[in-house]
Amino acid sequence: SHRPVVATRTSGKMDKPLISHHLVDSDGSLAEAPSEVPKVGILGSGDFARSLATRLVGSGFSVVVGSRNPKRMAGLFPSAARVTLQEEAVGSPEVIFVAMFREHYSTLCGLSDQLAGKILVDVSNPTEREHLQHHQSNAEYLASLFPTCAVVKAFNVISAWTLQSGPRDGNRQVPICSDQPEAKRTVLEMVRAMGFTPVDMGSLASAREVEAMPLRLFPGWKVPALLALGLFIFFYAYNFVRDVLEPYVQEGKNKFYKLPVFVVNTTLPCVAYVLLSLVYLPGVLAAALQLRRGTKYQRFPDWLDHWLQHRKQIGLLSFFCAALHALYSLCLPLRRSHRYDLVNLAVKQVLTNKSHLWNEEEVWRMEIYLSLGVLALGMLSLLAVTSLPSIANSLNWREFSFVQSTLGFVALVLSTLHTLTYGWTRAFEESRYKFFLPPTFTLTLLVPCVIILAKGLFLLPCISRRLTKIRRGWEKDGFVRFTLPVDHALAQKTSHV
């Protein structure tokens, strides 16, 4: 068995240790370390090995680094770390970090006798091509080369920068897996001593999954990003046909200058509005499905389950498009084409001998339209901010649910009113149907209006009461029967099983 490793402060000459002799526990409290100084070995002299040595020394470990060229590499490591030959580095440490690429593992086979019984911590990461090419993870391959060692997979998701700057500047979690419980426990304690949070991923068979983590670039954003891109392309093409192509075909007017700003600014609010409605549509569908089934104990279809899981990403993309729309709108008066339009309007006013132009209805419409837009963007900003983990963790469940659910629905209502005020009576004007295509905003109103109507129906006592009973465990055709109290202060809950 392996004894636990506990870090203490060494006497090495460092400018400023990353963690002092007051160790940071996983709960954030400070704990005094004992006087014993554990030794840790590192095989490798690359960037990650140097950052790892810096972190270990600053956390109170005695570090010895094994390199093929110790004299040349010694100056790159902290002065408190001893850089020597690989044969000497693996002698006394119980825990040895293997900080080298997979293809170099075979070069360590000559050290098999010296490594016997020690803990080897594999920190390597394969490339995407190597991950697909090899069916065996790097850690499992290392374990096959050294069957007498206890191999642990750890630290592969932590960057060299995070090791040097500290866990608060990066992800604190360190996934760990191994087939040897004692070896895993030893590395778990080392991770805590270094200021990180260990996450037990089970046996070494999980190493392939752990090694795939750094290869995934925004895995939860792929579907929402493609959805947003598809909506943008559709609405951009639709607006292009209506605002650019139609005047060119029908009247011979060249309005292709509208493509970079005007058409984009007309497209962005459509995408933001539809994405926001798609955040709350799956909740409506889930509630309707529960009402139809009369139970909450049946799984939703896979497509609906995945849709519910992507609501956060869809909402953030909606906020991104809405923020871009606000910025583009502020840029509209700065365009040279807009200035020409103002001058032409002024000249036309002079030629027609009109001294005062004022449309009371248009003035009020624009004032209300802009005010509702600012309020909707403010609500979306609040939703986006509370989606950040640092903010969400400071809220309890009721507060988070109120912001994301209630205020989110308010944002949808404000966006709907913003769109309706923009449309005003335009939807009923024949001139707005270019190429017989309805105005763009009329297309975006369908789904949000259905959601608002459904939400209103769910507030009816007959439906609301039934839905509440279902979500509290009542089943239409099951064995559980109970009635909700009419007065929570006086009545008691009754149940029949």
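What do β9, helix α8 and β10 make? Together, β9, helix α8 (residues 181–193) and β10 make a right-handed β-α-β unit; right-handed means that, with the strands pointing away from the viewer, the path from the first strand over the helix to the second runs clockwise. Helices (H or I, at least four residues) and strands (E, at least two) are DSSP runs, numbered from the N terminus. This is a predicted model, in which local features need pLDDT of at least 70 and side-chain atom pairs count only at pLDDT 80 or more, while totals for chains, interfaces and linings use all residues. Residues are numbered from 1 along each chain as its sequence is written, and side-chain values use heavy atoms, with hydrogens and water left out.

Strand β9 (residues 173–178) runs parallel to β10 (residues 197–200), joined by 4 bridges; two strands pair if DSSP finds at least two bridges between them. Gln173 has Thr197 in β10 as its bridge partner. With strand β8 (residues 150–153), β9 pairs in the antiparallel sense over 2 bridges, and Val152 stands opposite Ser178 in β9.

These strands belong to an open sheet of 8 strands with mixed pairing, in the order β5-β4-β3-β6-β7-β8-β9-β10. β5 (82–84) and β10 stand at the edges with a single partner strand each, so one side of each is left without a neighbour in the sheet.

Elsewhere, Phe256 is found in the loop between α10 (222–250) and α11 (262–293). Phe256 is partly exposed, with a relative accessible area of 34% (buried means under 20%, exposed over 50%, partly exposed in between; 1.4 Å probe, protein chains only).
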